[in-house]
Amino acid sequence: MKKKFLIYIALVVSFSFSCEKLEFEPKSDLLTEEAIQTEDDLLLVLNSCYDVMANTINGRSQYYAELLSDNLARPFNNEDFIEVYNHNMLFFNGSIGSFYGEFYITIFRINSLLANYDQVDGVTDATITKLENEGKFLRALCHYEVTRLFAQPYGYTTDNSHDGIALVTELVREPLPRSSVQESYDQVITDLTDIEDQLPDVNDGGVYATKWAAKALLARIYFGMGRYQDAIDKCDEIINSGKFTLDPSVNRYTSTVSPEAIFYIESTNGNNRSGGFRDQFSSNSDNPQLTISLDAYNIYNDTLDARGNWFVPVALGETNQQIKINKFDADFFQIPYLSLTEVLLTRAEAMIELQGDVNTIVSDMNQIIERAFGTGNRVVGTGFSYDALLDRVRLERRKEFIGEGDRIFQLKRYGAIEKELGIEVRDNPWDCNGMILQFPISEKSEVFELNPTGGC
Amino acid sequence: MKKIYVLIMVVFLLPAITIAQSISGKVLDQTGLGLPGASVILEGTTTGATTDMDGNFKITPVKPGEYILVAKFLGFKTLTKAVTVNAGQDLNIGALTLSEDAELLDEVVVVGYGVQRQREVTGTISKINGSVVQELPVPSFNAALQGQAAGVQVTTGSGLAGSSSVVRVRGIASISAGGDPLYVVDGIPISQDGFLNGNEGGMNSNPLSFLNPNDIESIEILKDAASTGIYGSRGANGVILISTKRGKSEKLKVDFNANVGLATPTARPDMLNSDEFLQLYQEAWENDGNVGPAKLPGNISWEDARQTNTDWVDEAIGLGVKHNYSLSASRAIKNLNYYINGSYEDNSSYLIGNSFERASARANVDYKVNDDLKFGVNTNFTRAVNDRVDAAWSGGLGAAMSTALPIYPIFDSAGEYTQLTNPVRDRELKDWVTTEYRSLNGISADYRINDKLNVRATGNYEYVDIRDDKFEDGQLNTADNSPGFADRNSTWINNYNYNAVIQYNDVINEDHKVGGMVGYEYQYFNRKWRYDQYLQSVDRRDQDYSTDSTEYRRGVTGLEEYSFRSVFARANYVYKGKYIAQGTFRMDGSSKFGPNKRYGYFPSASIGWLITEEDFMKNFEVLSFLKAKLSYGITGNANIPNNVWRQTWQTTEVSNPDDGYNGVDITYPTNLDNPDLQWETSNTFDAGLEFGILEDRIHGEFTFYRKYSTNVLMNLQVPRVYGFGSYWDNVGEILNRGVEFSIKTRNLVGEFKWTTDFNIANNYNEITSIGDYSEDAVSGGTNDTRIVVGSPVGTNFLVRYVGVDPADGRPIYLDVDGNQTKDWDPANRVAVGDVLPDVVGGLTNTFQYKAWDLSVLVYYSFGGKIYDSSSKRQLGVVTDWNMRPEIFDRWQQPGDLARYPRLTLNTDTYGSATPWINTDLWLHDASYVRLRRVALGYTFQESQLMGSFFTRARIAVSGTNLLTWTRFPGLDPEIARDFENNADRNMSVGITYLTPPQERTFNIHLNLSF
């Protein structure tokens, strides 16, 4: 009896022992060897880079930039937004902290792909080229967005030696110092020029990187740096390609892809990337967080201007005044990040700055003007002076891109590149400390200084 | 016919009457006083008697024969005496003198994987009788441990029904890993994750609420390494062993308990009314240089605002009603003993719409096959239904204390709910119920190989099924134009373990007694979860969820697993009955860590010396017992998420339209790997002195300990350039050092009895290293507690506030160098306090006079700070938050000396861009003394129950949290708010953020036995 019992115990224990495990494959997650087996897996990782990047320029980058500018009224009650609006952001701003992180998640994934694709058997050269080219495009886009939002602009110092951002071009596990703004721009431009002609002509519409997206981004960057001829050259290439036509509507933020979208964030009813954009501005809301400043609203004082219909003023002139905007009201919409409208206005303004061909300038501007005011209305002519054209193109640019985050960078360009005096944003100078976003506290280290605060 | 029947009765009964025997005597205490109400029975029979007022008894009739007489009285040792009754004899046995049951030292205590005699224990263990936790109306038994054991700090959860408490054994030695003690119920380490639903609704889940306190026989709290070492990798924060009841009495014992009570909050939030709010709002508006009427929050017109005065606190708070019923039966007959119980309780809290309902059943059965073989089965099934309401930051009473303004109406002129902050609308249009089914089961086999050796094998299985159903009417989500949302979060847990232990005990001779055991254990745990959402206009709670439904919107599923495999051993040696040595060892392997660090080794050694057994102590008669103990050991903590040591990935399925990008799947990394991640370890030294005085009328224990924890597991916030926000690493080092003292005195032992239990503990806590990281690398959630070297875990890291500038009414702060500034900048934060109390303890006085008993429990906590985090909005910049009347003490004109600065709507006035201005102005002394419980009971004497159905009946009334003495100006100084994660739970007890106050209860208890 006793022996039998002990034998049973021993059998049970030894059987159990053989079944026991001390390592489990995660069921909700995959291990590296499972996730990355084939060339297709690498492409899914690349798609995830777009996916996370899309969470930065799906409205967030746009309205954080807009909050810094004079286009918006004080946010309704979102303190993170109010901090940005007040030009006095603290390192605990959670909205900005997570927004900043998304750029580096994108960059990490790209660097991880570029460092490890050779460990997958049978990867074709075409796929390697795709990974490298589109990866560099996304890395440049992310570095550029961080640079223009978190560092003082190009031209802030004469040699652009002022603090830029952490440039991450390989996998790291230690804090990185901030590069100078010159180095930051150099890295972005190097990444883009490396691949601008390597990227495909068409890549699933404008959802993924094309050569035109790279060129349009370069045009924006050059324009901001005051490299006007380089900007014009890139714009020429895009316009001359004939790939894009102006949207007949003044509103590019619709559920269908605008024909002028060069690079856009794809949004569907189920996978709605525009929800944040919509919810902050929605004119259907009683109290949207983001409304338009009276100063900006007043520039649309021409009844012929179709863009004036974007606004829904409530209790004008009273203490509870709200000027809502319906530009982003659709349930879901595609989010054009680079568009033909921008290219036309960039070329026109760059050419004005260089006092270039007036016919081209007028033609570019009138395409935009006539769309807004109707054929033949409020158009500019070749007889206009460069100064008059400059004022008008700047006005049209501000009008076209309201809510889209362009305004603050133009104001900074006026100050930093054009050295215009008295450039202010709601009484704060364009170059004061709070005119850029603050890094999250996680970045602070022996080698990384946060942005200075106060002074605005 | 009737006459014949009477005749037969007389014929048969007459001999019995004429030859009746009896046993009589008197039961006395040690002082010679008679003990009334003592029971005297003949063992193995139901024949017996109860003593009268003088202690006399007489048992009759008794048949001739030999008997064992058993005399029992509460608080005294049971006495047995053999007697022989001859035919026709009226036996008077004289006096039976009972000695008081002060001899606790021969009591058996449960230790890991076995039991030990108290006198031979070399570790530090607090034993708490199950009866202590049974009459307290608490959401789970652990809340009732408050004040019962030295060095065990219990912070009861908030007034929410079913809320969880925070228990800390000897301070806190963890930062990001779970810092709770390990709970083991009848041998199974139960699932104890309080974050299954995060802190949704402003509340964490309570993993211990499933256990019916009436089922608990005893609770042993293992504190030092000598006692927790046998649990190795999971013992670093203490171990709490819960043993459930088993059949003990040969006679069937049926117990019925009923508690009925009422609950109110210990403090009621006092907020501004509409006129007051409007007055202060206008003052702020004008202070900022504006003219005319202020633009009011929510764009409400002044006319409407003046016509409204909603008391949102009144709308949130009601009267809680509690019912609790428990019926059990137990018996121990020859080969079988059993305990079965069924219980039901329905506790509504003082928050309208909030309740916790629990029905549970238990059966514990032991069957003895023969002298060598015994089997045991425990099974428990519980159904708990928590009717949820939003609280704290999520709404409800929290909204009433913040963004629900008195100028906001509940209904508009059309009788519809208003769309401004409206906690009544949110509550009424939201149906939120968490239903939990949990079953805990165990089987065991004990086999005696010979007199010295036996083997025990056990297997345990826990199953948990939690459904969190939330339905939100479409009116709550107007922006989405949806018909409504029906959400279900489902969780299923399978948790089993089995172990085999071989025990050896041998008394070699008078001088040498040895014992030991070797064991093997394996535990496997898995948790599956699923989240579903439906777009629909009706509640879906009673339906099965189907992904085929056209209303189905999205769903997520997941599974996690972990396991532990362990071998362990314990060896005991007693020399001459007075020198005791014990060693334990455990090796744990766990899936929580990678192959590089999969196994951890946890030894402990301890010695004890029974000094009073020495000859030289024989003359110290006053000192009846004295034992010195020393122990040292290493224990660990592995309470971290799974798979954090390795890189993992996720991939989407394009079939779900919410996933992927551009209709194409995505694959992405989810974790930054750390293959060298390893066990957090604590090195604990313990020295103790246990004593008994005056034949143990006074019994106490004094202990000193030093616990130094290394390789502290931290989920570090890293620079975003890493591509991730955080990752796990072993970085920190923490010191806990303290003294504990507990004493029990039997002050009066006569007819009027008075017993005092007192305990006090001090703990010093200090983080001694956080590697190269900054204070912000780990944070206590949003609570502004940080890890600061040289300060305790949970240090308040805040900007210092000086006061109000009388000239302009603006607040003045200190910068990091101590210079005054009017700019508030978090870069100026310094360590200004900590949330850990210096001294905690309890004092229980129990009085008994005849049938009456009175128990008074006082709990106290001294030192530490409370950070009243919501004050910064209730008493700071004027915003869309309602304010508290203390704000009347504000600066109004130059020269004013006021506690609070000038009112303003503009954060710039306070030198900040945000109204979230954390300063030490909101830091308060957390000390308090609380009348935790008063209970007055009456136990009916057996003589009073004679002829009735019952053998015991007791009725009692009690009140909890009746009085609190504190300098804390807020609601309630005992705070365990909703936490975001384990780091928050470790670091942020004592932080309040709109946290509902504790409840005060008034109860009636009824206990019947038959």
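Which hand does the crossing of α3(A) and α7(A) have? The crossing of these two helices is left-handed. Please keep in mind as you browse that this is a predicted model.

**Helices α3 and α7 of chain A**

- The axes of α3(A) and helix α7 (residues 125-150) of chain A come within 11 Å, and they cross at roughly 15°.
- An angle under 35 degrees counts as roughly parallel, and α3(A) and α7(A) are therefore roughly parallel to each other.
- On the α3(A) side, the contact uses A:Glu39, A:Leu42, A:Leu43, A:Leu46, A:Cys49, A:Tyr50 and A:Met53.
- Their partners in α7(A) are A:Thr127, A:Leu131, A:Glu134, A:Gly135, A:Leu138, A:Leu141 and A:Cys142.
- Sorted by class, this contact of α3(A) with α7(A) holds ten nonpolar, two polar and two charged residues.

**Helices α8 and α9 of chain A**

- Helix α8 (residues 181-195) and helix α9 (residues 211-225), both of chain A, have axes that come within 10 Å and cross at roughly 150°.
- That angle makes α8(A) roughly antiparallel to α9(A), since the cut-off for this label is over 145 degrees.
- The crossing in which α8(A) passes α9(A) is left-handed.
- From α8(A), the contact takes in A:Tyr185, A:Val188, A:Ile189, A:Leu192 and A:Ile195.
- From α9(A), A:Ala214, A:Leu217, A:Leu218, A:Ile221 and A:Met225 take part.
- The residues of this contact between α8(A) and α9(A) are ten nonpolar, no polar and no charged.

**Where chain A meets chain B**

- In the model, 69 residues of chain A are in contact with 59 residues of chain B.
- Elements of chain A that each supply at least two residues to the side touching chain B are α1 (2-19), β1 (30-31), α2 (32-35), α3 (39-53), α5 (79-85) and α6 (94-116).
- Of the elements of chain A, α3(A) gives the most to this side, with seven residues.
- The side of chain A that touches chain B divides into 30 nonpolar, 21 polar and 18 charged residues.

**The build of chain B**

- Chain B has ten helices and 49 strands.
- Its C-alpha trace spans about 110 × 70 × 70 Å along the principal axes.
- With 1010 residues, a compact globule would have a radius of gyration near 30 Å, and the 32 Å of chain B agrees with this.
- Of the 1010 residues of chain B, 50% count as buried.
- Among the contacts in chain B with a separation of 6 or more, 70% are between residues 24 or more positions apart.

**Backbone spots to look up in chain B**

- B:Thr60 and B:Pro61 are joined by a cis peptide bond, with omega at about -5°.
- B:Pro61 belongs to strand β4 (residues 56-62) of chain B.
- B:Asn662 is not a glycine, yet its phi is positive, at about 60°.
- You can find B:Asn662 in the loop between β30 (648-651) and β31 (667-669) of chain B.
- B:Asn662 is buried because 20 other C-beta atoms lie within 10 Å, and 20 or more is the cut-off for that label.
- B:Lys850, also not a glycine, has a positive phi of about 50°.
- The loop between β42 (839-849) and β43 (852-862) of chain B is the place of B:Lys850.
- With 14 other C-beta atoms within 10 Å, B:Lys850 is partly exposed.

Methods:
Residues numbered from 1 in each chain as written. Chains lettered and ligands numbered in written order. Predicted model: local features only at pLDDT ≥ 70, side-chain atom pairs only at ≥ 80, totals over all residues. Axes fitted to C-alpha atoms, helices over the stretch in contact; angles between N-to-C directions. Helix = DSSP H or I, 4+ residues; strand = E, 2+ residues; numbered from the N terminus. Parallel < 35°, antiparallel > 145°, perpendicular 65-115°, else oblique. Left-handed = near helix turned anticlockwise from the far one by under 90°. Contact = placed C-beta atoms within 7 Å. Nonpolar A, V, L, I, M, F, W, Y, C, P; charged D, E, K, R; others polar. Rg over C-alpha atoms; globule rule 2.2 N^0.38 Å. Buried ≥ 20, exposed ≤ 12 C-beta atoms within 10 Å, placed from the backbone.
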